[in-house]
Amino acid sequence: MTASLRLQSLLASRDAIATRALTSETLIRATLDAVSRLDPQLNSYICVDEAGALARARQLDQQRDTSSRADLLLDGVPIGVKDLFVTRDLPTTCASAMLEGYRSPFESAVTERLRDAGAVIIGKHNMDAFAMGSHTTFSVAGPTHNPWDLAHSAGGSSGGSAAAVAAGLCAAAVGSDTGGSVRQPAAHCGVVGLKPTYGRFSRYGMVAFASSLDQAGVLTRTVADAAVMLDALSGHDPRDATSAQLPPSNALATLTDSITGITLGVLHLDEAHTPSDEVADALDYARGCLNDEGATCREVALPSLQHAVSMYCLISMAEAASNLARYDGVRFGCCDLSANDLSTRYQRSRGDGFGLEVKRRLLLGAYITSEGYASAYYERALAARAWLRNDLARLFRSCDVLLLPTTPTSAPRRDGRERKPLQNYLDDVFTIPANLAGLPALSVPVGLSPQGRPVAVQLMAPPFHDATLLRVAAALARARGPFPSPPMAEEV
Amino acid sequence: MPPSPTFTLDDLQALAVHLHIELTPEMLIRLHHDLSEVLAHVAALQHLELPQAPVTHHAITPLRDDDAPPTTLAPDALAQMAPQMAGAWVAVPRVVDTHTEDDLT
């Protein structure tokens, strides 16, 4: 009973609460109980706000009974957020020793909007430090484990969010996606991961990694839940210079519309980008489903794909080296007070506070933007990015939505992954183009591998066609049928 | 200017100093290996015949005018985050030596 309550969709929970068939307090108690039982194995949360969540749920239940307030999109449902959205009432660590114990004096736009929509934030999710990583192994809190198979990667950097949503430890989560960090863990954990168009969600209060690529995104158990999260969080915010001047979306309203007339571009994959058999089968299956639902399919090519990882490495690391210069051990965060001079204090604070992957990216970012090398590396990458963006614009003149893999394989084993950084970067080849071009993209699970791990496909659309993307994903999910939960989630 | 044909340990050490990141000798060697591998991979971009296209950082969303209302935080809130305070000030080790007028002449 408790498991079915926790694992039902966000919309089912919200509607049950709205009709008084369920109270928010009951749902939050069931969720917190599952967190206490399952999370010692998963390590998906960095902090859980049990008292705050219960108090908030009781408050919402009382308001619902006594007031005539308008319906709230996320009324009473448990939501988790990646630990890089700053919050006044909970610490924000970015899973890094650099920010251990840090408490922000202001609130992020994402968490403000969640609360305004009636959500109960029950805690903050584990991640790779400063969102730099692909397996949630570079966390000061330890790795997150995949709920489908604890020996395998949960993906990253929003691995905590993906594992928690899959295991029913929250109804939905908000993560961040700089090169695939929402979609890739969503694929590995068997949940839906949506990166909206760049500018659709405010990034005010989202700790920066690479500003021209960073975008908040959502992880949910159903496509419809992703649509309602998009509707709740989108809309202009004058505090974010990159926020699009658009009203909130209404994607849920068109979610079940027919996809007849939609042209689906199926990405041609050359030998260098051939995915595993299980992913290739998933792509064939998705193509067949969408064709049956009324879409017209045609094969399309993206020649710039082969250089996307190089562009991403150079641009993201250059921007990271600039953004993370603010962590100096003076104004906030990790500080070595034993140093007698300022330069030594900087060096020791940053040396102790940053982990291996962050150092790797900062050093490379500094190298490729240094005098004599910027034109050869960084400026070259910017020019190549313009090429990729035009390549995608050309592609979308012949189709409405693009079908491609999310990842080359299902979730790999976790051991040994941190020793091969280049391979980790190369595995993000299919998610990176959406960030480089600012496009909306979504990962949706379509089945299980012979080993019982989720396999997903990715859909991508032109800028601000987020609702079309969700409509096509909903058609695929309808054809697929309900996606199972990990066995361990059903046991509690 | 073409990229350096070799990315040396000295280059990396100089970068670490520039970035104010203390590295152990073991980490220096490990990072040198990792970064050399990445640099070798991205070098392929050098040989691309790229079509002429305007280079912009932001793909689709024009930046808003810089006219947002200020969101400056209260000094007390900022001071609470500082690792070390001296009265109302954030404390740092001495940066500039105290000189007498005689020293400067």
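Helices (H or I, at least four residues) and strands (E, at least two) are DSSP runs, numbered from the N terminus. The model is predicted, and local features need pLDDT of at least 70, side-chain atom pairs count only at pLDDT 80 or more, and totals for chains, interfaces and linings use all residues. Residues are numbered from 1 along each chain as its sequence is written, chains are lettered from A and ligands numbered from 1 in the order in which they are written, and side-chain values use heavy atoms, with hydrogens and water left out.

We begin with the two chains. Chain A and chain B bury about 5,800 Å² between them, and 70% of this lies on carbon and sulfur atoms. Buried area is the accessible area (1.4 Å probe) that two parts lose on being put together, summed over both. Of the area that chain A buries against chain B, Leu363(A), Tyr367(A) and Arg380(A) supply 12%, more than any other three residues. The contact (heavy atoms within 4.5 Å) takes 78 residues from chain A and 55 from chain B.

Next come the pockets. On a 1 Å grid over the protein atoms alone, a pocket is an open set of points with protein on both sides within 12 Å along at least five of seven lines, while a cavity is a set of points where a 1.4 Å probe fits but cannot get out; lining residues have an atom within 4 Å of a point. Grid points are joined across faces, edges and corners, and a volume is the space filled by probe spheres set on the points.

The largest pocket holds about 760 Å³ of space. Its lining has 29 residues, and those nearest its centre are Phe106(A), Gly205(A), Met206(A), Ala208(A) and Arg326(A). By class, 17 lining residues of the largest pocket are nonpolar, six polar and six charged. Here Ala, Val, Leu, Ile, Met, Phe, Trp, Tyr, Cys and Pro count as nonpolar, Asp, Glu, Lys and Arg as charged, and the others, Gly among them, as polar.

The second largest pocket holds about 420 Å³. It is lined by 27 residues, with Arg221(A), Thr222(A), Arg480(A), Pro482(A) and Phe483(A) closest to its centre. In chain A, α8, β12 (441–448) and α16 (466–480) each supply at least two residues of this lining, and α16(A) gives the most, with four residues.

Helix α8 (residues 223–233) of chain A also packs with helix α2 (residues 10–18) of chain A, at an angle of about 70° and with their axes 8 Å apart. Axes are lines fitted to C-alpha atoms, for helices over the stretch in contact, and angles run from 0 to 180 degrees between N-to-C directions. α2(A) and α8(A) are therefore roughly perpendicular to each other, a label for angles of 65 to 115 degrees. Leu10(A), Leu11(A) and Arg14(A) in α2(A) meet Ala224(A), Asp225(A), Val228(A) and Met229(A) in α8(A). Five of the residues in this contact are nonpolar, none polar and two charged.

Finally, the cavities: three have a volume of 30 Å³ or more. The largest cavity has a volume of about 80 Å³, and its lining includes Gly133(A), Ser134(A), Arg361(A) and Tyr425(A). The second largest cavity holds about 40 Å³, and Gly133(A), Ser134(A), Arg361(A) and Tyr425(A) are among its lining residues too.

Definitions and conventions:
Parallel < 35°, antiparallel > 145°, perpendicular 65-115°, else oblique.
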